[in-house]
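Me: Hi! I have a structure open on my screen and would like to talk it through with you. Could you help me read it?

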Amino acid sequence: MRIVLVGPPGAGKGTQATRLAETLHIPHISTGDLFRANISQQTELGKLAKSYMDAGNLVPDEVTIAMAKDRMEQPDAEGGFLLDGFPRNVSQAEALDELLETEDMKLDAVLDLEAPEDEVVKRIAGRRVCRNDSAHVFHVTYTPPKKEGVCDVCGGELYQRDDDSEETVRKRLEVYHTQTEPIIDYYKSQGLVATIAATGPVDEVTRRALEALKRDQ
Ligand SMILES: Nc1ncnc2c1ncn2[C@@H]1O[C@H](COP(=O)(O)OP(=O)(O)O)[C@@H](O)[C@H]1O
């Protein structure tokens with residue numbers, strides 16, 4: 001299956017993507033994680049991406065599309081993939097369509113995770129992520145780790161992402177509304193969108209997403 005996950009920052013894309021990818025046996029491709037890996041390895045791409053990310057803006061299309069394309073062309077993605085954070089505007093969606101067309105492939109579904117704005121701001125403000133693995137995510141009040149600052153899963157150090165400050169979150173939400181939301185209409189016109197309520201227990205959200213994917217088949 002080839003799936004795209006969209007939704008505002010804090011909707012739980014990363015959490016759900018990890019779970020869905022595992023269940024469906026497809027790689028989870030997160031452009032945010034790919035940029036963060038480049039930042040920690042101090043590559044040229046990482047240096048460029050960081051300045052945009054810290055301000056809550058999108059990294060320019062040219063480098064983002066090239067990076068996503070490169071990842072989708074890896075052998076493990078031949079049979080399908082779950083895209084998390086890509087595409088994030090209409091020109092990226094068009095580039096993805098072109099790429100898929102040249103390979104004679106198409107998307108199976110676009111899952112739109114919906115959560116109220118005040119809820120996503122609260123989730124992000126308290127979010128703490130493990131330095132070893134971005135799939136190990138905690139929240140200082142909702143899902144606190146047993147020991148403050150330490151990952152329950154692997155003992156790694158928990159940190160707050162540079163772009164999770166309240167000011168940057170507001171900017172990311174604005175960018176989401178103006179640049180990313182239009183891709184939902186773009187995909188609606190292709191009949192691909194399933195809207196998933198992203199509130200309530202994490203398991204429940206995963207169940208809703210899997211249900212929606214079954215209906216689409
Ligand atoms: N497809 C993309 N196009 C441009 N920038 C991106 C893209 N994916 C990720 N980024 C950059 O990485 C940042 C963090 O993205 P991500 O980890 O997906 O977090 P979230 O979905 O919580 O905002 C974005 O604010 C943006 O700067």
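Me: How do the axes of helix 4 and helix 5 cross?
Reply: The axes of helix 4 (residues 61-72) and helix 5 (residues 90-102) cross at roughly 35 degrees and come within 11 Å. Axes here are lines fitted to C-alpha atoms, for helices over the stretch in contact, with angles from 0 to 180 degrees between N-to-C directions. Helices (H or I, at least four residues) and strands (E, at least two) are DSSP runs, numbered from the N terminus. Please keep in mind that this is a predicted model: local features need pLDDT of at least 70, side-chain atom pairs count only at pLDDT 80 or more, and totals for chains, interfaces and linings use all residues. Residues are numbered from 1 along each chain as its sequence is written, and side-chain values use heavy atoms, leaving out hydrogens and water.

Me: Which residues meet there?
Reply: From helix 4, D61, T64, I65, K69 and M72 meet S91, Q92, A95, L96 and L99 of helix 5. Contact means heavy atoms within 4.5 Å. The residues of this contact divide into five nonpolar, three polar and two charged.

Me: New topic: which residues have the most contacts inside the largest nonpolar core?
Reply: Those are I3, L5, L20, L82, L111, L113 and I196, in a core of 23 residues. A nonpolar core is a set of buried Ala, Val, Leu, Ile, Met, Phe, Trp, Tyr and Cys residues joined through side-chain atoms within 4.5 Å. Buried means under 20% relative accessible area, exposed over 50%, and partly exposed in between (1.4 Å probe, protein chains only).

Me: And where does the largest share of this core come from?
Reply: Helix 9 gives the largest share, four residues.

Me: What is L5 in contact with, leaving aside neighbours within four places in sequence?
Reply: L5 is then in contact with K13, A17, L20, L82, L83, D84, G85 and L111. Another core, of 21 residues, lies apart from the largest one, and V6, L83, L96 and L100 are among its members.

Me: Now H139: buried or exposed?
Reply: H139 counts as buried, because its relative accessibility is 8%. H139 is found in strand 6 (residues 137-139), and its side chain reaches the backbone nitrogen of Y142 at 3.1 Å.

Me: Last one: is G79 buried or exposed?
Reply: G79 is exposed, with a relative accessible area of 59%. G79 lies in the loop between helix 4 and strand 3 (81-84). The C-alpha atoms of G79 and M1 are separated by 7.2 Å, although these residues are 78 residues apart along the chain.

Methods:
A polar contact is a pair of N or O atoms within 3.5 Å; within protein, one must be able to donate a hydrogen and the other to accept it, and residues adjacent in sequence count only if both atoms are side-chain atoms. Ala, Val, Leu, Ile, Met, Phe, Trp, Tyr, Cys and Pro count as nonpolar, Asp, Glu, Lys and Arg as charged, and the others, Gly among them, as polar.
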